[in-house]
Amino acid sequence: MSRKYYDNHLGIKGWAIGGRYSIERYLYTLHRLTGLGILFYFILHIFVTSSRVFGPESWKQAMETVSGPFFRFGEFLVYFAFCFHGFNGIRLILLELGFLVGKPIEPIYPYKTSVGKQRPVMIILMIVAAFFIILGGYDFFLGGE
Amino acid sequence: MKDTKLWSLHLFAGIVILFLLGLHMAIMHLDEIVSLFNPKGEEAISWENVLERMKMIGFVFVYIFLLGFALYHSFYGLNKIIGETNVKEGTRKFWSYVLTIFGFLLFIIGTYAAIAAKVVSAKF
């Protein structure tokens with residue numbers, strides 16, 4: 001039996017514009033963008049760090065190539081992406097495994113939704129991510145001065 | 001069923017990465033604050049500190065596990081993103097094969113580097 005796919009009319013555009021999106025929807029978009037950013041860096045990182053196999057000169061040369069304010073800022077963006085992607089990922093896993101969905105209840109007005117359970121967890125995790133981003137920012141730009 | 005297993009592995013890989021990459025980030029980017037596995041006390045990326053870590057067998061395993069789980073997690077995620085765009089079934093399959101092969105190649109390169117670094121570290 002062949003699989004049937006339905007057209008995703010908005011495609012990539014739908015990540016950002018598609019209606020009245022809640023904050024979780026934008027976190028979804030940012031989760032994907034940070035994931036793609038980390039993947040791009042990760043592929044380069046494998047090749048750059050492999051230079052240690054060829055000894056100290058090769059390593060120092062590789063590190064010199066990726067030094068300077070431009071790369072430093074880029075590295076911070078990767079750190080930022082990791083913190084966000086990691087903590088948002090915890091939220092997504094909790095959601096996926098049903099921890100933030102709640103038990104089925106009778107639909108009695110005013111209706112309750114699982115957003116009431118999910119949003120506080122989202123806020124807490126984003127605060128934790130922000131804490132680590134600030135900590136990393138200190139280390140990146142102010143540490144050792 | 002196969003999709004469910006691959007998706008579950010994607011989630012599991014995410015949790016493993018959180019810990020291993022968290023450790024890597026703390027070593028490399030919070031070195032001024034926590035100074036983990038930087039026995040020479042200089043920058044985390046200095047050759048002296050890199051060499052010390054290269055000598056530790058535990059890091060060989062950490063790097064290989066992190067590499068494997070991270071490659072799986074990221075390429076599976078990218079494959080899912082491609083699957084959500086409006087490309088044809090044949091194109092989806094093509095990219096799925098390309099990403100799988102590319103992922104394996106990167107795993108071989110990274111694993112070789114992690115093991116070779118341990119062997120080379122004995123010379124310094």
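Ser51(A) is found in the loop that joins α1 (23-49) and α2 of chain A, where helices (H or I, at least four residues) and strands (E, at least two) are DSSP runs numbered from the N terminus. This is a predicted model, in which local features need pLDDT of at least 70 and side-chain atom pairs count only at pLDDT 80 or more, while totals for chains, interfaces and linings use all residues. Residues are numbered from 1 along each chain as its sequence is written, chains are lettered from A and ligands numbered from 1 in the order in which they are written, and side-chain values use heavy atoms, with hydrogens and water left out.

**Loop residues**
- Ser51(A) is buried, with a relative accessible area of 9%; buried means under 20% relative accessible area, exposed over 50%, and partly exposed in between (1.4 Å probe, protein chains only).
- Leaving aside neighbours within four places in sequence, Ser51(A) is in contact (heavy atoms within 4.5 Å) with Ser58(A), Trp59(A) and Ala62(A).
- Asn38(B), in the loop between α1 and α2 of chain B, is buried with a relative accessible area of 5%.
- The side chain of Asn38(B) makes a polar contact of 2.5 Å with the side chain of Arg53(B), a polar contact being a pair of N or O atoms within 3.5 Å; within protein, one must be able to donate a hydrogen and the other to accept it, and residues adjacent in sequence count only if both atoms are side-chain atoms.
- Arg53(B) is itself among the buried residues of α2(B), which also include Trp47(B) and Met54(B), and the buried residues of this helix pack against α2 (56-65) of chain A together with α1, α3 and α4 of chain B.

**Interface of chain B and chain A**
- The contact takes 43 residues from chain B and 42 residues from chain A.
- The area buried between the two chains is about 3600 Å², of which carbon and sulfur atoms give 73%; buried area is the accessible area (1.4 Å probe) that two parts lose on being put together, summed over both.
- Across this interface the rule finds seven residue pairs in polar contact, both residues at pLDDT 80 or more.
- On the side of chain B that touches chain A, the elements that give two or more residues are α1 (2-29), α2 (47-55), α3 (57-83) and α4 (89-121) of chain B, and α4(B) gives the most, with 11 residues.

**Salt bridges**
- The search of the whole structure finds five salt bridges over all chains, a salt bridge being a side-chain nitrogen of Lys or Arg within 4 Å of a carboxyl oxygen of Asp or Glu.
- One of them joins the side chains of Glu24(A) and Arg119(A) (2.7 Å, N to O), linking helix α1 of chain A to helix α4 (residues 115-142) of chain A across 95 residues.
- Across the interface the rule finds one salt bridge, in which the side chains of Arg32(A) and Glu84(B) meet (2.8 Å, N to O).
- Arg32(A) lies in helix α1 of chain A and Glu84(B) in the loop between α3 and α4 of chain B, so the pair joins two chains.
- Arg32(A) is buried at 14% relative accessible area, whereas Glu84(B) counts as partly exposed at 33%.
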